[in-house]
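Please walk me through the pockets of this protein, and then through one of the helices that helps to line them.

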Amino acid sequence: MSEATASTPYGTLPTASPLPPRKPVSLPRLHELRQRGEKITMLTAYDATFAAVADSAGVECLLVGDSLGMVCQGLSSTVGVSLETMCYHTQSVTRGLRRVQGTAWVIGDLPFGSYQESREQAMRSAIALMHAGAHMVKLEGGGWTAEVVRFLVERGIPVCAHLGLTPQTVHALGGYRVQGRSEADAQRLQAHALELQDAGASMLVLEMVPASLASAITAQLPHCHSIGIGSGAGTAGQVLVMHDMLGVNLGKAPKFVRNFMDGHSSVAAAMAAYVRAVKDGSFPDPALHAW
Ligand code: KIV
């Protein structure tokens, strides 16, 4: 068989996106989307093939989330995920994107224990993720994290913060539950969000906070784009764990998830439907997916 006709074993990556070519996704490009009121789309990705499919389906941001501990490694929480594992998956995702000339913005999650000790430890861990190909790093929590965010941003590392339900501290929070329901908690989250924006965070994942609070936080953060998960439709963008939105869930999917495989016969079509639904505002549905 000639080189030209030989197919690669073990799967092939998409050769061309059905969508018109887009400019590489960058912070200015995300800011542009926000300015014109277009929602930002994000999915988690953990390997080369799914990253390439998500990119060609038009997803703008790929989060190599430490949720991989649960969906890939079979752990019961994200607490046990190591920095080495995060780097391995970040490399896989960015290799997949390179193979298809993908243009998505890649966010690498700093796992539990890789940034809590000191700003210097956070810097070393962030460098490892950037060397693995991430464009931005994500870390969880508010208050003490503002100083860490400032330290990283001043040294050229874009940072996505994460407030609300922060799975790395699930044991301290007492479970996977909605955050910011009381007036005092809502005020604390709003104050933390402002501090994170002031420190230079350019994105903020808001996980499982009431929709009205997520909208209020979004309105107070013109320079830091809120990305909601289970936080209603008023954020600047949306993120879902890929396995959840493909209906590949070992237990009961959380209330805020829609199975985009329903009515679609391929992963590529389901991801494209997710992008369309986020952009046209039909996902999330306030009546079904929010508190
Ligand atoms: O780790 C992850 O995948 C995340 C998302 C759920 C936002 O943090």
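In this predicted model, the lining of the largest pocket is made up of 17 nonpolar, 9 polar and 7 charged residues. The pocket itself has a volume of about 760 Å³, and of the 33 residues that line it, those closest to its centre are S67, M70, V71, V241 and D244. Two or more lining residues come from each of the helices α3 (68–71) and α10 (242–245), and likewise from each of the strands β6 (203–207) and β8 (237–240).

Three helices, α1 (27–35), α2 (48–56) and α11 (267–279), each contribute at least two residues to it, and of the elements involved α11 gives the most, with 4 residues.

Helix α11 can then be followed along its own length. The residues of α11 that are buried are A270, M271, A273, Y274, V275, A277 and V278, and the elements covering them include β1 (40–44), α2, β8 and α10. Among these covering elements, α2 also supplies residues to the lining of the second largest pocket, whereas β8 and α10 supply residues to the lining of the largest pocket. After α11 comes G281, which has a positive phi, near 80 degrees.

Methods
Residues are numbered from 1 along each chain as its sequence is written. This is a predicted model: local features need pLDDT of at least 70, side-chain atom pairs count only at pLDDT 80 or more; totals for chains, interfaces and linings use all residues. Side-chain values use heavy atoms; hydrogens and water are left out. On a 1 Å grid over the protein atoms alone, a cavity is a set of points where a 1.4 Å probe fits but cannot get out, and a pocket is an open set with protein on both sides within 12 Å along at least five of seven lines; lining residues have an atom within 4 Å of a point. Grid points are joined across faces, edges and corners, and a volume is the space filled by probe spheres set on the points. Ala, Val, Leu, Ile, Met, Phe, Trp, Tyr, Cys and Pro count as nonpolar, Asp, Glu, Lys and Arg as charged, and the others, Gly among them, as polar. Buried means under 20% relative accessible area, exposed over 50%, partly exposed in between (1.4 Å probe, protein chains only). Contact means heavy atoms within 4.5 Å.
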